[in-house]
Amino acid sequence: MSTPAHLTKIVATIGPASRIPEVFKRMVRAGMNVARLNFSHGSYEDHAQTIALVRAVSEELDTPITILQDLQGPKIRVGDLPPQGIELVEGEMLTLVPVDEFSHQPNTVSIDYPLIAEEATPGTQILLADGVFELKVAEIIGHAVQCEIIKGGILTSHKGANFPSLDLRLPSMTDKDRQDLEFGLAQGVDWVSLSFVRKAEDVRSLKEFIAQQGRPDTPIIAKLEKPQAIANLEEILKVVNGIMVARGDLGVEMPPEKVPTIQKRVIRRCNQLGIPVITATQMLESMIQNPRPTRAEASDVANAIMDGTDAIMLSGESAVGAYPVQAVEIMSRIASEVEKDAEFVNFPAPQTDETHAISEALNAINDVLGLRCIVAFTATGYSAILASKERSKIPVIALTPDVQVYHRLNLVWGIKPLLLDQEVTTFEEVAQQAETLLLERNLADRGDRILIIGGIPMGVSRGTNFLKIHRIGNGVS
């Protein structure tokens with residue numbers, strides 16, 4: 001399948017608006033690379049149908065599609081309310097009680113965090129519904145927390161609750177997360193993202209659980225949504241495979257004016273280390289209802305790309321919005337346009353070994369020869385990710401015999417994975433396969449120069465130790 005030429009990847013959340021097979025196909029053709037399954041919503045039957053759809057379309061269109069399972073995490077929510085909701089009136093009082101203490105008392109709302117009365121103190125700020133409503137704790141009486149309503153409106157069931165100033169005693173994974181993860185791993189998801197990460201130990205716990213399920217190589221994305229995650233960023237980066245700058249909850253938990261600089265700092269640090277990073281939340285929010293984005297939204301997407309993000313993400317725009325295909329098309333056009341002139345930073349190698357040394361040479365060779373693409377023969381995806389880190393503005397064609405690596409790599413900036421359907425054991429076979437596939441897929445023309453990197457012996461993890469300049473159509477020597 002011929003796909004748009006943008007190097008920045010597009011993540012689209014799949015929901016009722018995009019689960020329709022023809023709509024989903026159009027999104028892939030428009031440039032979608034990653035299907036995000038949000039396990040805060042939907043049944044296992046829904047998600048199983050979506051995964052089957054993704055794999056079927058991937059095979060039909062002969063293109064990789066990454067499946068990202070996004071775990072809900074320990075999100076605190078208010079309980080059941082009347083269908084019409086309840087009105088919060090500024091200046092009046094509202095009492096929050098744990099779910100098991102709730103018996104429909106007047107001016108009282110249940111909350112699914114049993115330690116709220118132990119954690120909160122008078123003056124504590126509580127934000128509801130992603131910061132739409134604001135409360136201030138006035139008094140603690142037993143297990144009940146009495147609050148003054150600072151910013152009111154109509155509150156409906158199961159809206160989120162945030163406590164920006166508190167370091168709550170929440171588990172890194174809930175029982176629901178474990179059940180969801182068992183399901184997702186059995187279904188063969190490609191990446192798993194962990195919500196509300198606060199420290200490196202949260203990621204380690206998830207890795208241990210994944211290993212127990214027999215899928216130890218499944219890569220993990222840490223979602224940065226809490227102030228503690230920003231404070232512990234360096235330790236988290238040491239143990240994670242990817243990062244998501246989840247600006248929604250981050251902008252609730254922290255002053256919103258801090259989020260743009262945090263976004264830039266996190267992306268830059270991930271680029272330095274060669275760790276894929278996704279920028280997420282409200283990128284084209286108005287397209288949930290409108291066929292065109294605002295100018296500010298287009299600039300937001302463009303700035304994330306210029307910052308160096310690997311991927312840009314659609315949430316409600318593609319899950320429940322009226323224009324999911326158009327949202328992908330707009331992102332694709334913005335990415336293609338911005339990438340023409342963006343000056344991406346090439347950071348020094350974080351390690352001193354043959355694989356990193358070879359990746360450092362890619363830009364210098366491309367500057368002199370004007371390569372059509374870089375071909376990375378990779379068993380694990382590692383060398384292709386390092387080549388992506390160089391931000392050479394030409395595609396990194398990842399040749400891999402592993403179908404899991406084939407799908408996983410499609411999340412990473414600039415990488416176009418191709419699946420090898422036969423075993424290769426020598427450099428000559430790699431070059432021949434590369435030439436054949438590039439010509440068949442119109443990814444190169446005869447006479448084009450390409451750069452091939454790989455390792456001898458083949459199939460050794462992180463064993464990249466050669467590079468070869470090759471001209472298409474000149475034979476293999």
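Visitor: Starting with A161, which residues does A161 touch, not counting residues up to four places away in sequence?
Guide: In this predicted model, A161 touches I76, R77, I111, L127 and L128, with residues up to four places away in sequence left out.

Visitor: And where does A161 lie?
Guide: A161 is part of strand β11, which covers residues 161-162.

Visitor: Does A161 count as buried or exposed?
Guide: Buried, because its relative accessibility is 6% and the cut-off for buried is under 20%.

Visitor: How many residues apart in sequence are A161 and D130?
Guide: They are 31 residues apart in sequence, and their C-alpha atoms are 7.3 Å apart in space.

Visitor: Switching to the largest nonpolar core. Which residues touch the most other members?
Guide: F24, M32, L181, L206 and I243 do, in a core of 75 residues. Helix α12, residues 324-341, supplies the largest share of this core with eight residues.

Visitor: What is L181 in contact with, leaving aside neighbours within four places in sequence?
Guide: With Q69, L71, M173, V192, L206, F209 and I210.

Visitor: What does the second, separate core include?
Guide: That core has 27 residues, among them I76, L96, V145 and L155. I76 is also one of the residues that A161 touches.

Visitor: Now N366. Which helix is N366 found in?
Guide: Helix α13, residues 354-369. N366 has a relative accessible area of 11%, so it is buried. Apart from neighbours within four places in sequence, N366 is in contact with L371, S392 and I394.

Visitor: Zooming out, how many helices and strands does the chain have?
Guide: The chain has 16 helices and 21 strands. Its radius of gyration is 24 Å, close to the 23 Å from the globule rule for 477 residues, so the chain is as compact as a globular protein of that length.

Visitor: What box do the C-alpha atoms fill?
Guide: Roughly 80 × 45 × 40 Å along the principal axes.

Visitor: What percentage of the chain is made up of buried residues?
Guide: Buried residues are 56% of the 477. The chain exposes about 19,900 Å², and 49% of that comes from carbon and sulfur atoms.

Visitor: What about contacts between residues 24 or more positions apart?
Guide: Such pairs account for 69% of the contacts with a separation of 6 or more.

Visitor: Last one, charges. How many positive and negative side chains are there?
Guide: There are 45 positive and 61 negative side chains, and the centres of the two sets lie 5 Å apart.

How values were computed: Residues are numbered from 1 along each chain as its sequence is written. This is a predicted model: local features need pLDDT of at least 70, side-chain atom pairs count only at pLDDT 80 or more; totals for chains, interfaces and linings use all residues. Side-chain values use heavy atoms; hydrogens and water are left out. A nonpolar core is a set of buried Ala, Val, Leu, Ile, Met, Phe, Trp, Tyr and Cys residues joined through side-chain atoms within 4.5 Å. Buried means under 20% relative accessible area, exposed over 50%, partly exposed in between (1.4 Å probe, protein chains only). Helices (H or I, at least four residues) and strands (E, at least two) are DSSP runs, numbered from the N terminus. Contact means heavy atoms within 4.5 Å. The radius of gyration is taken over C-alpha atoms; the globule rule is 2.2 Å times the number of residues to the power 0.38. Accessible areas come from the Shrake-Rupley method with a 1.4 Å probe; for residues, only the protein chains shown count as cover. Lys and Arg count as positive and Asp and Glu as negative; His and the chain ends are not counted. The place of a charge is taken as NZ of Lys, CZ of Arg, CG of Asp or CD of Glu.
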